[in-house]
Number of protein chains: 2
Amino acid sequence: MRYFACTLLGLLLGSPAFGQDDAGVIKSIYDETLTNSPAYENLRYLTKKVGHRLAGSTGAAAAVEYTRQLMAGYGFDTVYLQPVMVPRWVRGGEEQLRMVSAHTGTVELAVTALGNSVGTGKTGIAARVVEVQNFDELKALGKKKVEGKIVFFNRPFDYTKINTFRAYGGAVNQRGSGAIEAAKLGAVAVVVRSMASQVDDVPHTGSLHYQEGIKKIPGVAVSTRDADLLSATLQADPELKVFIRTTSYMAGMEPSYNVIGQLTGSEKPDEYIVIGGHLDSWDVGEGAHDDGGGCMQAIEVLRTFKALGLRPKHSLRAVMFMNEENGLKGGKEYARVALAKNEKHILAIESDRGVFTPRGFTVGNAALLTKIKGWAPLFAPYEIYEFIPGGGGADIGPLKNQNTKMIGFLPDSHRYFTLHHTANDVFENVDKRELEMGAATITALVYLLDKYGVNE
Amino acid sequence: MRYFACTLLGLLLGSPAFGQDDAGVIKSIYDETLTNSPAYENLRYLTKKVGHRLAGSTGAAAAVEYTRQLMAGYGFDTVYLQPVMVPRWVRGGEEQLRMVSAHTGTVELAVTALGNSVGTGKTGIAARVVEVQNFDELKALGKKKVEGKIVFFNRPFDYTKINTFRAYGGAVNQRGSGAIEAAKLGAVAVVVRSMASQVDDVPHTGSLHYQEGIKKIPGVAVSTRDADLLSATLQADPELKVFIRTTSYMAGMEPSYNVIGQLTGSEKPDEYIVIGGHLDSWDVGEGAHDDGGGCMQAIEVLRTFKALGLRPKHSLRAVMFMNEENGLKGGKEYARVALAKNEKHILAIESDRGVFTPRGFTVGNAALLTKIKGWAPLFAPYEIYEFIPGGGGADIGPLKNQNTKMIGFLPDSHRYFTLHHTANDVFENVDKRELEMGAATITALVYLLDKYGVNE
């Protein structure tokens, strides 16, 4: 229907904005990826041999060297490391959340320290709990009811949002800024309901932020099921106490790298198209979907160009950004260097929403979105239909000030927030064809944008 | 783009074929399903408490009673069992495939007996092997080169087919009819490459057929990785021998049931819309995607109508068909009874392609397809874009002779043939939101078809 509608529209409104051979090239891109791609086996190595790789960790160093060797082995025109200093956060050995109430006795809840959080100290923190859904409720309680307490942020995802990133966006300020808002009113710690799209037993980590001049208090996330339990128990026993002990700490800055591979353009070598993912991951699970798969897709775009003998007009860069999860130092440094070297970045595409079956792209520029929609008939045979306004991604965001156009790869979102930032984000939960279909879809779009340009 | 295109087309070609309130009703259907559906927990019971349920097994009997109680508990207008005799195939305790070659020594391969297959007898079968890609190659070899041998069918999936069911369709005659074609030339057994969309260690079962007057020889499937190993070893050592021992047998016919729940229509109670899945499964795994999830979705359609107070004009039936996997006796009996009772079935929808994220529907009637495409703008907010020609499904197929229009639910296909008919088709590999999104999508279509009818 879409194909028909678009073809008909094309006839009504003018000829389509692509050539007859494009469909053939795009088919060859999908065929190559679905039959010859090493991306899945490479992801196996990154997740199973390297494992998780929080910025500044030894795992991150191994991942840098692995992806450098991988791209060098593919014979890309240039492969290099871009130095960047990153914060090193250490979880430490212990994390515990215990609920004590006459109604339940002692219950240990499923907990994970939030990234960047300070620890509780060895003796831990025991205090009464106030539950709120949002910052307005917290402020309404005021200092008198919050001081000395643990604030429990318990606003769930809105399950009716079809794209789960919208539900995430509607809940994540509790995790990101909850510790600041609670500390302003004298709270001693925060417990946050996990950023999850279902009720289960898996706690989700992720970064929290502190603010200059506001006391740094510890933050942890509990599983959604235990958040429900804590909430129900609080209803029955408002005087229940919670005990938290965490040993996390910020260890200072360490040297690390963005890893960059390049195919140099044949016509406009000084104009760059970046395809990026982030190489760091949380220190739970294996960072398979977030964002090992995105990195492997970025590399696969360039590998496929080479394998098919497609020489790009512009220079294509696969960039493995470092420290997206808890600092964004890699993305910022990449943009800083690009500006300092006067490298003209016309376009940046990021894959950092998991590597599930592809749905389309979010496009940050209205004119570019219109142009890409004109290519819809080329994508329909691959079940790609979503071309919608939206941001590109965190790592490429700092390039925005350089008039770089932004695109985000948009995979299906339904499964993402069952495993995002958890021990379940492992290789076994990545599907080979879904990873490859995503890589081929990004490659097809890069092919068209390189060929026809990013302007109207 | 699609929405825009269709809206524009609507303006150009006439007003859209739906009312302003339909978008609101459909949103309420998705909201209800995504927030209140018990389908996932019901599937947990069916898979974890009942388990697998091959036709004629005690598991199948438990599944019949479970789904009957479930629908009765939801207060559907009528819930009843429809008796049907089904074949009972028994795998028996042993299945073994051993490759013996001077090049490899003795290697045990990952194997599963094919459904409906006879066993090898206790002593097993040892023979030399001929490898073929298809029946033409087999016939070209002729009786002289096949007689007394084991035929190894090794044609892989075509990975470049975007919908994996097309790849399955291009390979499955090896499993279904390979034993007949091999026996015609005097082969003693067949080994079939698993019907899988990737190379891995998991053997896939599934039914084979015999033909009156042709000797019944045993059939087994090997994992795709072991198929590659067997093939490579055969290249090096054409004289290698394979030993097969299986203990499967057909145990005769047993009584069983289709399970039927009905909401009776307010305007045309004597016209029926069937929403079906099959309750039986293979005897490996738990039949979670195939087709426990499809059954739970069919029930969820009726539950959602009731929960939202939507009274259907036509009678809606959720039908759990029995014995789809190895006989189709349930589907045939349902159609026979419908004809005998002169029940007018205007429409049948089947969910039997797994319960992955929904993509759309296959529609077996051109005029109906056109009508449904007119509703595309109602589905776009839920990322549903595929309305394509195609069959409805095996269970509803026998209704075709009664002028019943056929629709198949079309989920994303990329993961299906990693777990179809394997030990990996378990509850853990079903995603809650994907199951629910599928149920809501089917409900939305049933709502529209019930309201506007299935004719032009």
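This note sets out numbered points on a predicted model, moving from the chains to their domains, the sheet and the contacts.

1. Relation of the two chains.

2. Contact between the chains. Chain A contributes 34 residues to the contact, and chain B contributes 34 residues. On the side of chain A that touches chain B, two or more residues come from each of helix 1 (2-13), helix 2 (20-36), strand 15 and helix 14 (432-452) of chain A. Helix 1 of chain A gives the most to this side, with five residues. Sorted by class, the side of chain A that touches chain B holds 15 nonpolar, seven polar and 12 charged residues. Of the interface residues of chain A, 100% are also interface residues in chain B, so the copies meet through the same surface.

3. Domains of chain A. The domain assignment divides chain A into domain 1 (2-88 + 252-452) and domain 2 (92-247). Between the C-alpha centres of domain 1 and domain 2 of chain A there is a distance of 34 Å. In the contact between them, 15 residues of domain 1 of chain A meet 16 residues of domain 2 of chain A. The residues on the domain 1 side of this contact in chain A are five nonpolar, eight polar and two charged.

4. The eight-stranded sheet. Which order do the strands of the open sheet in chain A follow? The order is 1-10-12-11-13-16-14-15, and the pairing is mixed. Strand 1 (78-90) and strand 15 (386-389) of chain A each have a single partner strand, so they stand at the edges and one side of each has no neighbour in the sheet. On average, neighbouring strands of this sheet are turned by 20 degrees against each other, direction ignored.

5. Strand 14 (residues 358-363) of chain A pairs with strand 15 of chain A in the parallel sense, over four bridges. Within strand 15 of chain A, P389(A) is the bridge partner of V363(A).

6. Helices across the sheet. Helix 4 (residues 58-73) of chain A lies across strand 1, strand 10 (249-263) and strand 12 (314-321) of chain A, and runs at about 5 degrees to strand 10 of chain A. Helix 10 (residues 329-340) of chain A lies across strand 1, strand 10, strand 12 and strand 13 (344-350) of chain A, and runs at about 140 degrees to strand 1 of chain A.

Definitions and conventions: Residues are numbered from 1 along each chain as its sequence is written. Chains are lettered from A and ligands numbered from 1 in the order in which they are written. This is a predicted model: local features need pLDDT of at least 70, side-chain atom pairs count only at pLDDT 80 or more; totals for chains, interfaces and linings use all residues. Two residues are in contact if their C-beta atoms, placed from the backbone, lie within 7 Å. Two strands pair if DSSP finds at least two bridges between them. Axes are lines fitted to C-alpha atoms, for helices over the stretch in contact, and angles run from 0 to 180 degrees between N-to-C directions. Domain bounds come from an automatic or database domain assignment. Ala, Val, Leu, Ile, Met, Phe, Trp, Tyr, Cys and Pro count as nonpolar, Asp, Glu, Lys and Arg as charged, and the others, Gly among them, as polar.
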